[in-house]
Amino acid sequence: MHLPRIAPWLLAAVTVSLSVNAQAEQGCGHVTIADMNWNSATFIAHLDQFILQQGYGCDAELVPGDSIPTTTSMIEKSEPDIAPEMWSNTMREALDKGVKEGRLRYAGVTLSDGGEEGFWVPAYMVDKEPSLKTLAGVKANASLFKHPEDPDKSAMMGCPAGWTCQITSEHLFDALKLGDAGFELVDPGSGAGLAASIAKAYERQEPWFGYYWAPTAVLGKYEMVKVDFGTGVDAEHYKACITQVDCLDPKPTMYPPSPVDTVVTERFAARAPDALAYLSKRAFTNPQMNRMLAWMEENQADGEIAAEHFLADNESLWSQWVTPAALQRIKQALAAR
């Protein structure tokens, strides 16, 4: 029996192709990514899925996730492989234990400047009166921030009742002696009510002073300036006292940034070094994420649509996270859609 002869160049090409595919499969293979149930997390999950699948040849699958169940599953079952946006402080003890036991790894920083909290004023107010970017300036101009129910008082919008930030904002209100400056802390009733108060002030170009956080669509849509307390950050006192209901002697401090990390299983990290290298570089600033969230809200976009929009409009950013070969494959995949 005579087998047909294969041209040497074709045999070589097939051999290289099979070798590359085998290497990709061995190095990455099936990857599960936690798709958390808030906009920034689902956007990043879809972004990671697209880049790992199209750029690195991974068989990337999204699975439902949330902070506590995902962390528990990653520690106990090594599944899912990747949690793209983990607010680490909420699960710090469990995450650190998982790392110490060799089950988990902090792959990279999701938000390069961390989750952000603070007291804010609209940028248009600071444009007119630059001192308002400081607490001393806000106090000196307290009369600008009229209380909606008592014109003899000034209003600071607080965090909704029942939220963790209600505790911190009330303690800092007292520590910063804002009451002595004529302010009263106003409960907005809900997160939607707090956001609506900013939107209303912006539409009317009226004064506003209060608590908010990032990344959020609100801070992506409305330019706000975080007020500098002039105190620096005392992270130890913030954790030990400002966050505690029974804090009896709160002292002034800026809010420390909240670490937001990409967490992977050690098993995934060991088998997929190229994918791990991408995750270690993939990071957003709060302004970048704020703009992305505002775009999602304005366009009623889900995570998949947001990821493709980001890839199409921000090549100069994400190209820094991937290898040259992965970059070309991702660009080809985008062009084919």
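Domain bounds here come from an automatic or database domain assignment. The model is predicted: local features need pLDDT of at least 70, side-chain atom pairs count only at pLDDT 80 or more, and totals for chains, interfaces and linings use all residues. Residues are numbered from 1 along each chain as its sequence is written, and side-chain values use heavy atoms, leaving out hydrogens and water.

**Exercise 1.** State which domains the protein chain has and describe the contact between them.

*Solution.*
Step 1. The assignment gives domain 1 (30-114 + 259-336) and domain 2 (116-241).
Step 2. Taken over C-alpha atoms, the centres of domain 1 and domain 2 are 32 Å apart. The contact (heavy atoms within 4.5 Å) takes 11 residues from domain 1 and eight residues from domain 2.
Step 3. Buried area is the accessible area (1.4 Å probe) that two parts lose on being put together, summed over both. Domain 1 and domain 2 bury about 740 Å² between them, with 63% of it on carbon and sulfur atoms.
Step 4. Of the area that domain 1 buries against domain 2, 48% is supplied by N286, N290 and L293, more than by any other three residues.

**Exercise 2.** Find which residues of helix α2 meet which residues of helix α12, and sort them by class.

*Solution.*
Step 1. Helices are DSSP runs (H or I, at least four residues), numbered from the N terminus; α2 covers residues 39-56 and α12 covers residues 273-281.
Step 2. From α2 come L47, D48, I51, L52 and Y56; from α12 come D274, A275, Y278 and L279.
Step 3. These contact residues divide into seven nonpolar (Ala, Val, Leu, Ile, Met, Phe, Trp, Tyr, Cys and Pro), two charged (Asp, Glu, Lys and Arg) and no polar (the others, Gly among them).

Conventions: Axes are lines fitted to C-alpha atoms, for helices over the stretch in contact, and angles run from 0 to 180 degrees between N-to-C directions. Helices (H or I, at least four residues) and strands (E, at least two) are DSSP runs, numbered from the N terminus.
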